[in-house]
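Work through these exercises with the sequence and the 3D view open. Try each task before you read its solution.

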Amino acid sequence: MDGLSATEREAGDARERAPGQAGASVIATRGLTKRYGGGQLAVDGLDLTVPAGSVFGFLGPNGSGKTTTIRMLMGLIEPTAGTASVLGRPMPRAARAVLPEVGALIEGPALYGFLSGRDNLLRYDAADPTADPRTRRARVAAALDRVGLAAAAGKKAKAYSLGMKQRLGLAAALLQPRRLLVLDEPTNGLDPQGMREIRTLIRELAADGTTVFLSSHLLDEIEQVCTHAAVMAQGRLVTQGEVADLAAGARGRLVVITPDAAEAARVLKEQGVGDVGADGDRVTGDPPARDLAEVNAALVTAGVRVRGFTLERASLEDAFVALTGEGFDVAG
Ligand SMILES: Nc1ncnc2c1ncn2[C@@H]1O[C@H](COP(=O)(O)OP(=O)(O)OP(=O)(O)O)[C@@H](O)[C@H]1O
């Protein structure tokens with residue numbers, strides 16, 4: 001698609017900005033709000049900034065307003081209040097100019113099961129008035145190749161696995177060069193292998209310089225694939241920023257491994273460790289502000305046989321819980 005070998009592509013850094021896009025935000029919303037007819041406030045005053053070149057995870061439990069936001073960004077529904085700009089142009093007003101540069105995969109791809117993967121893409125391409133029919137076959141072949149479906153191109157789409165269908169949907173979004181890809185729950189319903197394939201593809205696309213905006217209710221997915229994330233809860237933005245910073249914002253857990261768990265728990269409490277709990281030979285707690293070397297020394301002085309003393313890294317899930325005071329419902 002871009003003349004780069006796979007190795008060169010992988011060597012690219014997803015965080016590097018494409019030339020000419022430095023500092024630009026690809027998606028920006030201010031006070032974006034949607035109240036549905038029934039009075040349901042689905043999105044409430046959203047200020048979202050998606051940097052160019054990022055893989056941006058839009059994270060939130062089911063019903064937190066992700067799909068509603070995406071539909072407003074794509075100009076499919078009108079906001080009740082606030083503004084949204086995509087690729088520097090106002091939406092939905094500039095939809096006709098903006099959307100050709102945006103590849104979207106929302107609520108699963110619409111495919112004809114009785115047509116082959118290749119014929120599905122030929123149909124998609126033919127529906128695009130800007131697509132030159134003379135180069136159609138080459139474009140379709142390149143898109144199939146891009147998503148790893150070249151060998152299965154002649155198979156009927158109904159014989160495809162869910163992961164293959166999802167990749168075919170991505171291929172359709174990639175028929176034209178895109179500056180932005182918007183993917184709504186791209187790994188929903190996929191098995192672990194299918195999920196890995198989609199994640200790898202997303203990383204490759206990002207390395208090519210495409211900004212990828214993807215919604216997900218899977219925290220570990222966001223941690224694995226995204227450079228940036230925004231967290232939604234009940235229609236509101238809880239936080240946004242670089243994934244590494246979001247996780248770092250939540251403090252890790254202190255973990256002590258010892259056969260003297262009861263005594264260790266007592267000493268840890270004395271040392272200002274909060275929320276101390278013991279499970280077998282594992283004693284955990286919220287680390288105090290003081291130097292952890294002192295805490296360790298106090299354990300040893302009290303005769304606790306310390307076999308392990310570590311600070312477990314906080315995850316995005318810890319950050320979410322710390323920010324919202326709620327657990328993250330990953331069901332569904
Ligand atoms: N067309 C609609 N009419 C009325 N209410 C709606 C409509 N679409 C969504 N909602 C409500 O708006 C809220 C946000 O829904 P939305 O689908 O945007 O959330 P989501 O985070 O994408 O969740 P999911 O992953 O389940 O789609 C929910 O309470 C939902 O019931």
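**Exercise 1. Which residue in β9 is the bridge partner of Phe-58?**

Two notes come before the solution. Residues are numbered from 1 along each chain as its sequence is written. This is a predicted model, where local features need pLDDT of at least 70, side-chain atom pairs count only at pLDDT 80 or more, and totals for chains, interfaces and linings use all residues.

Step 1. Get the terms clear. Helices (H or I, at least four residues) and strands (E, at least two) are DSSP runs, numbered from the N terminus. Two strands pair if DSSP finds at least two bridges between them.

Step 2. Find the strands. β4 covers residues 55-59 and β9 covers residues 211-216. They pair in the parallel sense over five bridges.

Step 3. Read off the partner. Phe-58 has Ser-215 as its bridge partner in β9.

**Exercise 2. Describe the sheet of six strands that holds β4 and β9.**

Step 1. Write the order: β7-β8-β9-β4-β10-β11. The sheet is open and its pairing is mixed.

Step 2. On average, neighbouring strands are turned by 15° against each other, direction ignored. Here axes are lines fitted to C-alpha atoms, for helices over the stretch in contact, and angles run from 0 to 180 degrees between N-to-C directions.

Step 3. Helix α6 (residues 162-173) lies across β7 and β8 (180-184), at about 160° to β7. Helix α7 (residues 192-207) packs on the sheet and touches β4, β8 and β9. The direction of α7 makes about 150° with that of β9. Contact between two residues requires that their C-beta atoms, placed from the backbone, lie within 7 Å.

**Exercise 3. How do α6 and α7 pack against each other?**

Step 1. Take the geometry. The two axes come within 9 Å and cross at roughly 20°.

Step 2. Classify the angle. Angles under 35 degrees count as roughly parallel, over 145 as roughly antiparallel, 65 to 115 as roughly perpendicular and the rest as oblique. So α6 is roughly parallel to α7.

Step 3. The crossing of α6 and α7 is right-handed. A crossing is left-handed if the near helix is turned anticlockwise from the far one by less than a right angle, and right-handed if clockwise.

Step 4. List the residues. From α6 come Leu-162, Gly-163, Gln-166, Arg-167 and Leu-170. From α7 come Gln-193, Gly-194, Glu-197, Ile-198 and Leu-201.

Step 5. Sort them by class. Four are nonpolar, four polar and two charged. Ala, Val, Leu, Ile, Met, Phe, Trp, Tyr, Cys and Pro count as nonpolar, Asp, Glu, Lys and Arg as charged, and the others, Gly among them, as polar.

**Exercise 4. Classify the packing of α4 with α5 and of α4 with α6.**

Step 1. Start with α4 (residues 117-126) and α5 (residues 136-146). They pack at about 125°, with their axes 10 Å apart. α4 and α5 are therefore oblique to each other. Their crossing is right-handed.

Step 2. Inspect that contact. Residues of α4 include Leu-121 and Leu-122, and residues of α5 include Val-140 and Leu-144. By class, there are six nonpolar, one polar and four charged residues.

Step 3. Turn to α4 and α6. Their axes come within 10 Å and cross at roughly 30°. These two helices are therefore roughly parallel. Their crossing is right-handed.

Step 4. Inspect this contact too. Gly-117, Asn-120, Leu-121 and Tyr-124 of α4 meet Leu-168, Ala-171 and Ala-172 of α6. The classes are five nonpolar, two polar and no charged residues.

**Exercise 5. What backbone features are found at Leu-87 and between Met-91 and Pro-92?**

Step 1. Recall the background. Most residues other than glycine have a negative phi, and most peptide bonds are trans.

Step 2. Check Leu-87. Its phi is positive, about 55°, although Leu-87 is not a glycine. Leu-87 sits in the loop between β5 (81-86) and β6.

Step 3. Check the peptide bond. Met-91 and Pro-92 are joined by a cis bond, with omega about 5°. Pro-92 lies in the loop between β6 (89-91) and α3 (95-98).
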